[in-house]
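This report accompanies the sequence and the three-dimensional structure shown below. Please keep both in view while reading the sections that follow.

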Amino acid sequence: TQTIAVASNREVRKIAELVTVQINGRDSQYTYSGSGVLINKKGDTYTILTNNHVVCEPDPANNCRKDIRFTVRTYDGSSYEMIGIPSSKYSGNTPD
């Protein structure tokens, strides 16, 4: 864990801008959108923390659908395909 000393609200806003991403999904009928936060980088691989409902649209068996393709848009407008999304079971009664 790294601790960062921040001198001003302006610096906090700048850091938040750099680590916050937009997550967009699309299937044949709908588009999906949410946000996430970059929490780790290993080589060229980034880990994003987001809520389950952002990347899990349930199928009839309440498993996350695999036919939705997601992209991540960063602060500078660059878009990247998301790969390796962990699958989980969807439950409307369980908080994210």
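## The loop between β4 and β5

Thr74 lies in the loop that joins β4 to β5; helices (H or I, at least four residues) and strands (E, at least two) are DSSP runs, numbered from the N terminus. The model is predicted, so that local features need pLDDT of at least 70 and side-chain atom pairs count only at pLDDT 80 or more, while totals for chains, interfaces and linings use all residues. Residues are numbered from 1 along each chain as its sequence is written, and side-chain values use heavy atoms, with hydrogens and water left out.

Is Thr74 buried or exposed? Thr74 has a relative accessible area of 17% and is therefore buried; the term buried means under 20% relative accessible area, exposed means over 50%, and partly exposed covers the range in between (1.4 Å probe, protein chains only). Leaving aside neighbours within four places in sequence, Thr74 is in contact with Val21 and Tyr80, where contact means heavy atoms within 4.5 Å.

Tyr75 is also placed in the loop between β4 and β5. With a relative accessibility of 48%, Tyr75 counts as partly exposed. Tyr75 touches Glu17, Leu18 and Thr20, when residues up to four places away in sequence are not counted. Tyr75 and Leu18 are 57 residues apart in sequence, yet their C-alpha atoms are 6.0 Å apart in space.

## Helix α1

Helix α1 covers residues 9-19 and contains Glu11; Ala16 is found in helix α1 as well. Glu11 has a relative accessible area of 37% and is partly exposed. Apart from neighbours within four places in sequence, Glu11 is in contact with Ala5 and Val6.

Ala16 counts as partly exposed at 35% relative accessibility. From C-alpha to C-alpha, Ala16 and Leu38 are 9.7 Å apart in space, and 22 residues separate them in sequence.

## Overall organisation

The protein has two helices and five strands. Read from the N terminus on, the elements follow the order α-β-β-β-α-β-β. Of the 96 residues, 17% count as buried.

Among the contacts with a separation of 6 or more, 44% join residues 24 or more positions apart. The protein exposes about 7600 Å², of which carbon and sulfur atoms supply 49%; accessible areas come from the Shrake-Rupley method with a 1.4 Å probe, and for residues only the protein chains shown count as cover.

## The nonpolar core

Which residues make up the largest nonpolar core? It consists of nine residues in all: Val21, Ile23, Tyr32, Val54, Val55, Ile68, Phe70, Val72 and Met82. β1 (20-26), α2 and β4 (69-73) each supply at least two residues of this core. A nonpolar core is a set of buried Ala, Val, Leu, Ile, Met, Phe, Trp, Tyr and Cys residues joined through side-chain atoms within 4.5 Å.

Met82, one of the core residues, touches Ile23, Val55, Phe70, Thr71 and Val72, not counting residues up to four places away in sequence.

## The pockets

The largest pocket holds about 730 Å³ of space. On a 1 Å grid over the protein atoms alone, a pocket is an open set of points where a 1.4 Å probe fits, with protein on both sides within 12 Å along at least five of seven lines, and lining residues have an atom within 4 Å of a point. Grid points are joined across faces, edges and corners, and a volume is the space filled by probe spheres set on the points. The largest pocket is lined by 23 residues, and Tyr46, Thr47, Ile48, Met82 and Ile83 lie nearest its centre. β3 (45-49), α2 (52-55) and β5 (79-81) each supply at least two residues of this lining, and β3 gives the largest share, five residues. The lining divides into 13 nonpolar, eight polar and two charged residues; Ala, Val, Leu, Ile, Met, Phe, Trp, Tyr, Cys and Pro count as nonpolar, Asp, Glu, Lys and Arg as charged, and the others, Gly among them, as polar.

The second largest pocket holds about 220 Å³ of space. It is lined by 14 residues, and Lys66, Ile68, Arg69, Phe70 and Ile85 are the closest to its centre. By class, this lining has eight nonpolar, two polar and four charged residues.
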